[in-house]
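Below is a short report on one protein model. Look over the sequence and the fold, then read on section by section.

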Amino acid sequence: MGAGYSSHCVSLPAPTTTTSLPTNPVLSSKPKPSSITKPFLQNPIKTMSGFSLPPSLFPMKCVKAAEEIKTQEEITTKPVYDPHTIQPELLQRLIYDSLVWSSLHGLLVGDKSVKRSGTVPGVGMVHAPFALLPMSFPESHWRQACDLAPIFNELVDRVSLDAEFIQETLSRTKKVDTFTSRLLDIHSKMVQINKKEDIRLGLHRSDYMLDGQTKLLIQIELNTISSSFPGLSCLVSELHRSLLNHYGKVLGLDSRKVPGNSAVSRYADALARAWTEYNNPRAIILIVVQNEEWNMYDQHWLSTLLKERHEVTTVRKTLAEIDEEGELLADGTLLIGGREVAVVYFRAGYAPWDYPSESEWQARLLMEQSSAIKCPSISYHLAGTKKIQQELAKPNVLERFLENEEDICKLRKCFAGLWSLDEPNVVKDATERPQLFVLKPQREGGGNNIYGDDVRETLLRFQKEGSEENAAYILMQRIFPNVSSTFLMRGGICHKDNAISELGIYGAYLRNRQRVIMNDQCGYLMRTKVSSANEGGVAAGYAVLDSIYLT
């Protein structure tokens, strides 16, 4: 479970050479020049070899779910189009039209090479990295992922209310991970003062990959803080629909098979409804942002919809600014610059670098103590940590929070193999066959996971030192999605590469005491990366934004 730009990310099996790309957030930072049409494309990269996890290490599955898998295994993974057959002239038109569309419709990020592009809107804008054409994805797995969203939303809410479970599960991690320890300290303070969050808002994203061997949809993580790209992901879906409306016949593709994406409007609706529940029409929504934010336009799409459709004012502040300008009244009211805050929406605060001094931690504590609706609250934030994800995957733990057996079965069906480093047999196997595992710390934002031989070296170091540092990590089954050849756009240049993809499903949950106001699936994020890359994250520079083509 994670947050931020990720990452947090799921891996899907990517269709081979189709119009639709599998989404996993990693793009090559140094593309190799290709012989295909000018300097636009890159040579395909060697695909990942197909390792399989030993059956004994797979997570428990429901019997009914296992029977359903038989039909899923028969689903074709043939690409919907072959990049090798697209004529150079047509490819150039697709590239040009996609760049024009992106510029005119706000599919933009800040250019890190341009000074002030992360602080001043309109300075140093460049198109967001995107896939030229959508990635094929089985409709049955798409529907499965969408159906899971409300269940995961409810699970996060239930876990957030169990302070003992959160503190106990993360107790060993707290001893060796300073960042998690500071978050738990704030959580403990809220428990001690019996702070109740009567109105609870969660904007989540559950990330999945489609395993190439088993054809199972497997969850990579669940993001409960700063689930990014609801704005830009919608634009990529519109871009692909536009291109297919014009070129679909020659490509043999139907724009109607790219599902509509309403993530940004649904998120704006959830924030506005939370604001309404707060019941003060003069109050604002506070958006917590980083000092420099090259993904600001994704956030501004939300702010614009809140203003134009819901007449809600948003104010952007860093944690340091909140510490300086924030005021907590005796009744719990939070003021920023003298204005009452109804909702605090975090697009920062998910990683250690967001807290360079005590000022930022003081701001976080101030907001948690207030009566403003937090998205997420400290308990929702901690419910999304990887250690909690690993604990929930253990036998009989889901039953602590959910009663519906069918819902529990659906969740277990998508769980990856997840283990703590206290399990010697699993650690031994990971040391001997590190290519089958990913070693994950309690971090968000991409670029933190450990792969391949580094898994072995890290585990051996933990054993040699005999420290408790291993409590800050979990082991996860590595997913090997199918690989496809596709076109990736970055910096106005089209790179042809072998790629894999990752599907994220947005969800929104709003509750006022016993009344559930909203519990919905809210659109999707598809990310595609070069298959040779390990890490994910569009904002981190590894992946491109994509959409899906249902097959």
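## A buried glycine in a loop

G212 sits in the loop that runs between β5 (199–210) and β6 (217–223). Helices and strands here are DSSP runs, numbered from the N terminus: helices are H or I with at least four residues, strands are E with at least two. G212 counts as buried because its relative accessibility is 12%. Buried means under 20% relative accessible area, exposed means over 50%, and partly exposed lies in between (1.4 Å probe, protein chains only). Where does the chain come back to G212? P481 is 269 residues apart from G212 in sequence, yet 4.3 Å apart in space, C-alpha to C-alpha.

This is a predicted model, in which local features need pLDDT of at least 70 and side-chain atom pairs count only at pLDDT 80 or more, while totals for chains, interfaces and linings use all residues. Residues are numbered from 1 along each chain as its sequence is written, and side-chain values use heavy atoms, with hydrogens and water left out.

## The protein as a whole

The protein holds 16 helices and 20 strands. Of its 551 residues, 62% are buried. Take the contacts between residues at least 6 apart in sequence: 79% of them join residues at least 24 apart. Contact means heavy atoms within 4.5 Å.

β7 has parallel partners. With strand β11 (residues 339–346) it pairs in the parallel sense over 5 bridges. There, V288 stands opposite F346. Strand β8 (residues 314–317) also runs parallel to β7, joined by 4 bridges. In that pairing, L286 stands opposite V315. Two strands count as paired if DSSP finds at least two bridges between them.

## Two packed helices

Two packed helices are described by the angle between their axes and the distance between the axes. Helix α7 (residues 230–251) and helix α8 (residues 263–278) have axes that come within 7 Å and cross at roughly 150 degrees. Axes are lines fitted to C-alpha atoms, for helices over the stretch in contact, and angles run from 0 to 180 degrees between N-to-C directions. α7 and α8 are therefore roughly antiparallel. The cut-offs are under 35 degrees for roughly parallel, over 145 for roughly antiparallel and 65 to 115 for roughly perpendicular, with the rest oblique.

Which residues make the contact? α7 gives P230, G231, S233 and C234, and α8 gives A263, V264 and Y267. These residues divide into 5 nonpolar, 2 polar and no charged. Nonpolar covers Ala, Val, Leu, Ile, Met, Phe, Trp, Tyr, Cys and Pro; charged covers Asp, Glu, Lys and Arg; the others, Gly among them, are polar.

## Salt bridges

A salt bridge is a side-chain nitrogen of Lys or Arg within 4 Å of a carboxyl oxygen of Asp or Glu. By this rule there are 31 salt bridges. One of them joins R266 and D520 at 2.8 Å, N to O. R266 is in helix α8 and D520 is in strand β18 (residues 515–530), so the pair links distant parts of the chain, 254 residues apart. R266 is partly exposed at 24% relative accessibility. D520 is partly exposed too, at 26%.

R412 and E399 also meet in a salt bridge, 2.8 Å from N to O. R412 lies in helix α14 (residues 405–414) and E399 in the loop between α13 (386–392) and α14, so parts 13 residues apart in sequence are tied together. R412 is buried at 11%, whereas E399 is partly exposed at 38%.

β13 pairs with strand β15 (residues 473–477) over 3 bridges. The bridge partner of W419 in β15 is L475.
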